[in-house]
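Here's a quick briefing to read alongside the model. Have the structure open and follow the topics in turn.

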Amino acid sequence: MKRCISTGLVAAILLVPPVTAGAQDVQASVQPLADQTAPQAVAWRRQIHAHPERSNREEKTSQLVAAALREMGITEIKTGVAHHGVVALIRGNRPAPVVALRADMDALPVQEATGLPFASQNPGVMHACGHDAHTAILLGAAKVLFQLRESLPGSVKLVFQPSEEGAPAGEEGGAALMIKEGVLRDPEVSAIFGLHVAPDLPTGQVAYRAGGLMASVDRFRVTLRGRQSHAAMPWLSIDPIVVSAHVITAIQTISSRRIDARQPIVVSVGVIQGGQVWNIIPEQVVLEGTVRTHDKAVRDEAIGLFRQLVEQTAAAHGARAEIEFSGDHAPVWNDPELVSRMKPALIAALGEANVVESPPVMVGEDFAHYQEAIPGMFVFLGVRNEAVGAVHPLHTPQFVLDEAALPVGIRTLSQLAIDYLRSKTAESPPAK
Ligand code: NI
């Protein structure tokens, strides 16, 4: 259910006066404003880090976000979008175009082992994927952009999204539900930007890629049904354990023999469940796993091959296969035209040496849903710094990020929003 909170806090507006600036001045203003916001962004991030909340349970995090936005003087704030999502609008000097900036807010079921003074106070829950930083960075960018609002040739929609890691069983959530609840409409959004912290990239750098950046995530569950018998009389059975061995081998040929070798693809089985006792051939075996690609056509082809190989391999042995695909999203696919349009913004924000090209990665992100609806660009933000112990991978109990990356992220998102609005406005100047 959506609620709309409009609190016109005059006092708060006075706290964050607009910076009136021409085009060149706006450019010059982003860095100092981002740097000014950095200590507060660190404080927000630590507060969120200490109180992590799992997917679709981001109640306190979203309260913090809405309160911080209100305190800045932003009045158009919707809460309760897709459960605990927060969507806010900063109106510039023209109503359109509208660009969206997105951050995710949820944490993971990981027991933190960093020993940080602001470590998680929720046992078994940790911001081990840096979504605390994403949220703090978007709040920081909100503050910068709100101060520059009188110079913005369009509006900025701030999208604080819950449940990126996946909703609990039986619940909807994440980007798909945000879209369903209208986040890209009213006012209509024409492009979206987002970022993710990257512990293999040094602080100060941002990595971009045109086309497929992150993999599609399709999850499968295959039930192979045979016939149970005594293990001493296998000819009376249809042995799903032997069938599963053939199926697992067969699906490896999708990547090794069927899909163009120049296309990244992974087919992995993570679960095999079958049998209870050593001397009984069971009735069924369940396999679970994932198919990941970087291209929509390859994804469709791979899933088609998967179905064909599993069904026909099972049939060849007299067994039946039931195949379910779920929890899926497309690849994070950065619109090439948008990337070439926006690369100068990254360079303006960070300097040419700090803007690097990323290889494609096989992990996924539900940002892909927005990119299926409108052009979008997702980048990686470097948070690696040996000096502060920021070297461990995402999703591990030791994961630490370098907070010096927060102002870099704020500059990146702010500059992308400003330069996107400017480039769109230049395409269609206001009627005279
Ligand atoms: Ni993440």
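Let's start in the loop between strand E17 (376–384) and H10, which is where His-395 lies. His-395 is not a glycine, yet its phi is positive, at about 70°. Keep in mind that this is a predicted model.

- His-395 has a relative accessibility of 40%, so it counts as partly exposed.
- Asn-56 also has a positive phi without being a glycine, here about 65°. You'll find Asn-56 in the loop between H2 and H3.
- Asn-56 counts as buried, because its relative accessibility is 3% and the cut-off for buried is under 20%.
- A cis peptide bond links Ala-96 to Pro-97, with omega about -5°. Pro-97 sits in the loop that runs between strand E3 (85–91) and strand E4 (98–104).
- Asp-186 and Pro-187 are likewise joined by a cis peptide bond, and omega is about -5°. Look for Pro-187 in the loop between helix H5 (174–180) and strand E6 (191–202).

**Helix packing**

- Helix H3 (residues 59–72) packs with helix H4 (residues 131–147) at an angle of about 15°, and their axes are 10 Å apart. That angle makes H3 roughly parallel to H4, since angles under 35 degrees count as roughly parallel.
- The H3 and H4 crossing is right-handed.
- For helix H8 (residues 336–350) and helix H10 (residues 405–427), the packing angle is about 135° and the axes are 8 Å apart. H8 is therefore oblique to H10.
- H8 and H10 also cross in a right-handed way.

**Salt bridges**

- How many salt bridges does the structure hold? The count is 21.
- One of them pairs Arg-45 with Asp-132, whose closest N and O atoms are 3.0 Å apart. Arg-45 belongs to helix H2 and Asp-132 to helix H4, so this pair ties together parts that are 87 residues apart in sequence.
- Are Arg-45 and Asp-132 buried or exposed? Arg-45 is buried, with a relative accessible area of 2%, and Asp-132 counts as buried at 0% relative accessibility.
- Arg-45 and Asp-132 are also part of a salt-bridge network that includes Arg-46 and Glu-403.
- Arg-46 is in helix H2 (residues 23–50) and counts as partly exposed, at 34% relative accessibility. Its C-alpha atom is 9.4 Å from that of Ser-120, although Arg-46 and Ser-120 are 74 residues apart along the chain.
- Arg-102 forms a salt bridge with Glu-365, and the closest N and O atoms are 3.0 Å apart. Arg-102 lies in strand E4 and Glu-365 in the loop between strand E16 (355–357) and helix H9 (368–373), so the pair ties together parts 263 residues apart in sequence.
- Both Arg-102 and Glu-365 are buried.
- Arg-341 and Glu-337 form a salt bridge too, with 3.5 Å between the closest N and O atoms. Both lie in helix H8, four residues apart, or about one turn of the helix.
- Glu-337 is partly exposed, with a relative accessible area of 46%.

**Surface patch**

- Which residues form a nonpolar patch on the surface? They are Met-233, Trp-235 and Leu-236, and together they have about 340 Å² of accessible area.
- Leu-236 is in the loop between strand E10 (229–230) and helix H6 (240–258). With 43% relative accessibility, Leu-236 counts as partly exposed.

Methods: Residues are numbered from 1 along each chain as its sequence is written. This is a predicted model: local features need pLDDT of at least 70, side-chain atom pairs count only at pLDDT 80 or more; totals for chains, interfaces and linings use all residues. Side-chain values use heavy atoms; hydrogens and water are left out. Patches are made of residues with over 30% relative accessible area and no salt bridge: like charges are joined within 9 Å, nonpolar side chains (Val, Leu, Ile, Met, Phe, Trp, Tyr) within 5 Å. Accessible areas come from the Shrake-Rupley method with a 1.4 Å probe; for residues, only the protein chains shown count as cover. A salt bridge is a side-chain nitrogen of Lys or Arg within 4 Å of a carboxyl oxygen of Asp or Glu. Helices (H or I, at least four residues) and strands (E, at least two) are DSSP runs, numbered from the N terminus. Buried means under 20% relative accessible area, exposed over 50%, partly exposed in between (1.4 Å probe, protein chains only). Axes are lines fitted to C-alpha atoms, for helices over the stretch in contact, and angles run from 0 to 180 degrees between N-to-C directions. Angles under 35 degrees count as roughly parallel, over 145 as roughly antiparallel, 65 to 115 as roughly perpendicular and the rest as oblique. A crossing is left-handed if the near helix is turned anticlockwise from the far one by less than a right angle, and right-handed if clockwise.
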